[in-house]
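Here's a quick briefing to read with the structure open beside you. Have a look at the fold first, then work through the points below.

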Amino acid sequence: MDLIEFINSENVSIILFFLGVYGLIARRNIVKSIISLGIMQVATILYFVSAGVDEASAPPIGDLNGILTVADPLPQALMITDIVIGIGVTAAGLTMFIHLYHRYGSTNWEKIRKKRSK
Amino acid sequence: MINLFWLVLFPVIVGSLATILSVKISKKLILLLHILMLAGATMNFYHVRTVGEFTQNVGGWGDYMGITLRSDLLAASMVFLTTFIFLATLLFNYKDSYSDGLFHFLFTSLEGLIIGIFLSNDLFNIFVLIEVSTVIISILIMYKRDGRSIYDGTMYLLINIVGMSFFLFGLGILYKRLGVIDLHAVKIAVENLDDPEVIILPYAFIITAVSLKSALMPLFSWLPKAHGTPSAPSSVSALLSGLYVKIGVYLFIRIQIAFAPTIDTSELFLFTGFITAVIGFVLAITQKDLKLILAYHTVSQIGLIMMGLSVGKMQTYWGSVYHILNHAIFKSTLFLTAGMIIDEYKTRNIYEIRGVLKRMPAVGYATIFAIFGITGAPLFNGSISKYLIAYGAKGSWVEYALVFINLGTIISFVKYSQIFPGNSPKSIKFKESMFKNSVVVFLGFLCLAGGLFARNVIMIVFDVGIAVDPLSYWLKVLVFAASLMISVGIYQGLLKKKKYLSLINSLELSFNGVCLSILLFFSTVLFYLKWTV
């Protein structure tokens, strides 16, 4: 029973976030670094969206007449913005990765760093 | 009173016009825009100074619901500084070939975004603005498409995104625990908190991101790469080092004030600031690249500002804020002149540049004025702000630490100033550019004026009267003269062209190492707070 209670959105998103951080620290592949950033972003979105939610509450969209509890719309609005930013930032990161790959012919941070300092 | 959102929106709109108009027209348009922006910022400042601070709710929502823009004395003076530095750098690269429509678009949008960050009172809004400006800056860093800079730009982009992910996650936890993300409302909510434990985790997340933005030890390794990269135009380096890094410091002030009633990390940041300042000048001494010396110096000065902000006395606080303004002026002068020197000599190696004073006198004297400013020579602006920081910290170890940091600063600038004397190797006539010369000379004179009229400036800008005690100020002058002599001795005797310097230089963190240091910093702050609160 304790385990079931432990698996709530808050704990899951914190674990996901630090999984992403682990990927950033332990993986030298640039694409994997960008994927890890994506994981961190998903964790953040999960955390925000589940922040102000009761189980009985209705989504804050459409006709809300006669519904008593409505989920907090603010974090959801914020997360739409964050998803858009995330797309832009991931695209920028991947574009730069392509340039880097064309120049140095490697996907490895260490190898590129060594080639650069030569 | 002007509508604050126009200060943010106007540059972005006019900047996007620049991409469709012809280069000739768009240049004039952008120049006009920057003059108007300076006027707008002055009006805003005048209003804040005479009437008082004010808050505007964008979109007509109630308090703490929509986005709010708030203009108080600190924000208004930072906005004024932003528009001033942008106008100066625009004039500087007005005639350069790279300033085309796209450059102007990125450049002016960045101005709007930075002003937005200074004025915004809403943490999520700050996150969005910082994220967008990060992308713009990483494009500007790679603007001349030099090979090495692609690595620098990618590092800059990804590391800052990691940092801002921490910021956003902390914001999520803050929202869940307090129900607000407006800075002013956070302050009220924190004051009425029963259990301080609940805001430790969000604070640690947010302050990690802010420390990364302001390049504190051990999170600074992205900064020299970004600020000293060969491919960025020198005006961009000046903007980044003079202005953009101050966003981190500004957010640090705001966040500390908002969390102040419950969380006190001033001792931690006093110590971190000291380490940052020391590491900054040690690494600056080991460099031989003109721009990298200046970039590491930014790290050192940020450490100094952080120390001043964390002592907690009135004089040190205003001294630090004044140092933010001063640093913006002398560091942008130094970067702009360094760019001109590099263009003229076609090398970045400090040992190959000789005779700047003879070959380009205006640039040389402007650089010397700025060096006097940054080392805190008497009568220049740096001396006043450093004096104020030291005055407030009287009697503690901080006072001696400051003398030590200033000694390091002087040593590295003794090294820097070896480019001035002597005859230059070739005698081709230097193509004088009136625009560039007048901008750097003007900025150089501001360094002197900021020292001579420091009392009036602080009175006008911050509305506090801080008396400079003449006796202890002249004592500082003696300390300065002594440290100047000691540092010339140390440099000539111990450090000149020694091999072991390049050893320190080769310590460079990779991307994974930087991410690890972010995690370590985060856990240190978390454990420190668990231990103290």
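Predicted model: local features only at pLDDT ≥ 70, side-chain atom pairs only at ≥ 80, totals over all residues.

- Along its principal axes, the C-alpha trace of chain B spans about 70 × 60 × 50 Å.
- Of the 533 residues in chain B, 64% count as buried.
- Take the contacts in chain B with a sequence separation of 6 or more: 82% of them come from residues 24 or more positions apart.

**Helices α11 and α14**

- Helix α11 (residues 246-259) of chain B packs against helix α14 (residues 314-345) of chain B at an angle of about 160°, and their axes are 11 Å apart.
- Angles over 145 degrees count as roughly antiparallel, and α11(B) and α14(B) are therefore roughly antiparallel to each other.
- The crossing of α11(B) and α14(B) is left-handed.
- On the α11(B) side you'll find B:Lys246, B:Val249 and B:Ile253, which meet B:Tyr317, B:Ile324, B:His327 and B:Ala328 in α14(B).
- Sorted by type, the residues of this contact between α11(B) and α14(B) are 5 nonpolar, 1 polar and 1 charged.

**Helices α16 and α18**

- Helix α16 (residues 361-375) of chain B and helix α18 (residues 397-416) of chain B cross at roughly 165°, and their axes come within 9 Å.
- That crossing makes α16(B) roughly antiparallel to α18(B).
- The crossing of α16(B) and α18(B) is right-handed.
- From α16(B), B:Thr367, B:Ile371, B:Ile374 and B:Thr375 meet B:Asn406, B:Thr409, B:Ile410, B:Phe413 and B:Tyr416 of α18(B).
- The residues in the contact of α16(B) with α18(B) split into 5 nonpolar, 4 polar and no charged.

**Helices α13 and α18**

- Helix α18(B) also packs with helix α13 (residues 290-311) of chain B, at an angle of about 165° and with the axes 11 Å apart.
- α13(B) and α18(B) are therefore roughly antiparallel to each other.
- The crossing of α13(B) and α18(B) is left-handed.
- From α13(B), the contact uses B:Leu290, B:Ile293, B:Leu294, B:His297, B:Ser300, B:Gln301, B:Leu304, B:Met307 and B:Val311.
- From α18(B), the contact with α13(B) uses B:Val398, B:Ala401, B:Leu402, B:Ile405, B:Thr409, B:Ser412, B:Phe413 and B:Tyr416.
- The residues of the contact of α13(B) with α18(B) come out as 12 nonpolar, 5 polar and no charged.

- B:Asn326 lies in helix α14 of chain B.
- With 3% relative accessibility, B:Asn326 counts as buried, since the cut-off for buried is under 20%.
- Apart from neighbours within four places in sequence, B:Asn326 is in contact with B:Asn381, B:Gly382 and B:Ser385.
- B:Lys28 lies in helix α2 (residues 23-50) of chain B.
- B:Lys28 is exposed, with a relative accessible area of 56%.
- B:Lys28 and B:Thr276 are 248 residues apart along the chain, and their C-alpha atoms are separated by 42 Å.

**Backbone details in the loops**

- The peptide bond from B:Met217 to B:Pro218 is cis, with omega near 0°.
- B:Pro218 is found in the loop between α8 (200-213) and α9 (222-227) of chain B.
- B:Ala215 lies in the loop between α8 and α9 of chain B.
- B:Ala215 has a positive phi, near 60°, in a residue other than glycine.
- B:Ala215 counts as buried at 0% relative accessibility.
- B:Leu379 has a positive phi as well, near 80°, again in a residue other than glycine.
- You'll find B:Leu379 in the loop between α16 and α17 (381-392) of chain B.
- B:Leu379 is partly exposed, with a relative accessible area of 44%.

Terms used. Residues numbered from 1 in each chain as written. Chains lettered and ligands numbered in written order. Heavy atoms only, no water. Axes fitted to C-alpha atoms, helices over the stretch in contact; angles between N-to-C directions. Helix = DSSP H or I, 4+ residues; strand = E, 2+ residues; numbered from the N terminus. Parallel < 35°, antiparallel > 145°, perpendicular 65-115°, else oblique. Left-handed = near helix turned anticlockwise from the far one by under 90°. Contact = heavy atoms within 4.5 Å. Nonpolar A, V, L, I, M, F, W, Y, C, P; charged D, E, K, R; others polar. Buried < 20%, exposed > 50% of the residue type's maximum accessible area, 1.4 Å probe, protein only.
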